[in-house]
Amino acid sequence: MKHWAERNPRSTNGQFGKSTLYRCALHFFVENIALNANNARLNYSELAQKVNDVNSTKSDSKLTAQLANVENLLGFLLTMQQRQLEYIPEGINLENGFVKYAINPINPTEFQQFGTPTELNPNNELAQSYEEYKKIRSRDKQLIKKYHQTGGQLDDD
């Protein structure tokens, strides 16, 4: 227990005395085991497994949230890329087939001269677009979930 507390000093506020360690263990037991009604019917091995899984559940939820953020950002980037690919060329030279496009705004010179907005600053247009995109994506994901829950039929009320 002391070895664990030394690796996790915040759990005991940096104190490693026996009484502090016992208090921490008892507090953990009461909060996570004794007061949880779902544990009443568990046998010892099931309870031990559940205690071992507590840490992974917390880290799993953090990873799930991070993955959701990555998924949203990736979707936004793909949408922005698709919009860029939809750009209509300025002109086409019919003799040699050369397509003339405007200057690509995503290039090092443009970044050096003008900087680039990011989605982190809530006051710029990119961040506002990203927030609107997240709202739309969230709505669409809810509609898809509802669609699958209702067996493929949606009622637009």
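The face of helix 2 turned away from its buried side carries K18, Y22, R23, L26 and H27, which are exposed. The model is predicted. Its chain has 157 residues, and 10% of them count as buried. The points below go from the whole chain to single residues.

**The chain as a whole**

- The secondary structure comes to 5 helices and 2 strands.
- Read from the N terminus, the elements run α-α-α-β-β-α-α.
- The accessible surface of the chain is about 13,600 Å². Carbon and sulfur atoms account for 55% of that surface.
- Take the contacts between residues at least 6 apart in sequence: 24% of these join residues at least 24 apart.

**How confident is the prediction?**

- The mean pLDDT of the chain is 76. A value of 70 or more is reached by 77% of the residues.
- Among the elements, helix 5 has the highest mean pLDDT, at 86.
- Helix 4, residues 108-114, has the lowest mean pLDDT, at 66.
- Where pLDDT is low, the predicted coordinates should not be read in detail.

- Helix 2 covers residues 18-34.
- Its buried residues are T20, L21, C24 and I33. Seen down the axis of helix 2, these buried residues fall within an arc of 150°, so they line one face of the helix.
- The exposed residues K18, Y22, R23, L26 and H27 sit on the face turned away from that buried side.
- T20 has a relative accessibility of 11%, below the 20% cut-off, so T20 counts as buried.
- V30 also lies in helix 2. Its relative accessibility is 31%, so V30 counts as partly exposed.

- T12 lies in the loop between helix 1 (2-7) and helix 2.
- T12 is buried, at 4% relative accessibility.
- Leaving aside neighbours within four places in sequence, T12 is in contact with A5, T20, L21 and C24. T20, L21 and C24 are among the buried residues of helix 2.
- T20 touches T12 and Q15, not counting residues up to four places away in sequence.

**A nonpolar patch on the surface**

- L26, F29, V30 and L35 make a nonpolar surface patch of about 390 Å².
- One of these patch residues, L26, is also on the exposed face of helix 2.

**Salt bridges**

- Side chains of opposite charge can pair when their charged atoms come close.
- The count comes to 5 salt bridges.
- R137 and E71 form one of them, with N and O 3.0 Å apart. This pair links distant parts of the chain: R137 is in helix 5 (residues 125-149), E71 is in helix 3 (residues 44-85), and 66 residues separate them.
- R137 is partly exposed, with a relative accessible area of 21%. E71 is partly exposed too, at 37%.
- E71, R137 and K141 are linked in a network of salt bridges.
- E132 pairs with K135, and their closest N and O atoms are 3.3 Å apart. Both residues lie in helix 5, 3 residues apart, which is about one turn of the helix.
- E132 is partly exposed at 42%. K135 has 53% relative accessibility, over the 50% cut-off, so K135 counts as exposed.
- D140 and R139 also form a salt bridge, with their closest N and O atoms 3.1 Å apart. D140 is partly exposed at 32%, and R139 is partly exposed at 45%.

**S138 and N72**

- S138 lies in helix 5. At 33% relative accessibility, S138 counts as partly exposed.
- How far apart are S138 and N72 in sequence and in space? They are 66 residues apart in sequence, and their C-alpha atoms are 9.0 Å apart in space.

How values were computed
Residues are numbered from 1 along each chain as its sequence is written. This is a predicted model: local features need pLDDT of at least 70, side-chain atom pairs count only at pLDDT 80 or more; totals for chains, interfaces and linings use all residues. Side-chain values use heavy atoms; hydrogens and water are left out. A salt bridge is a side-chain nitrogen of Lys or Arg within 4 Å of a carboxyl oxygen of Asp or Glu. Helices (H or I, at least four residues) and strands (E, at least two) are DSSP runs, numbered from the N terminus. Buried means under 20% relative accessible area, exposed over 50%, partly exposed in between (1.4 Å probe, protein chains only). Patches are made of residues with over 30% relative accessible area and no salt bridge: like charges are joined within 9 Å, nonpolar side chains (Val, Leu, Ile, Met, Phe, Trp, Tyr) within 5 Å. Accessible areas come from the Shrake-Rupley method with a 1.4 Å probe; for residues, only the protein chains shown count as cover. pLDDT is the predictor's confidence in each residue, from 0 to 100. The arc is that of the directions from the helix axis to the C-beta atoms. Contact means heavy atoms within 4.5 Å.
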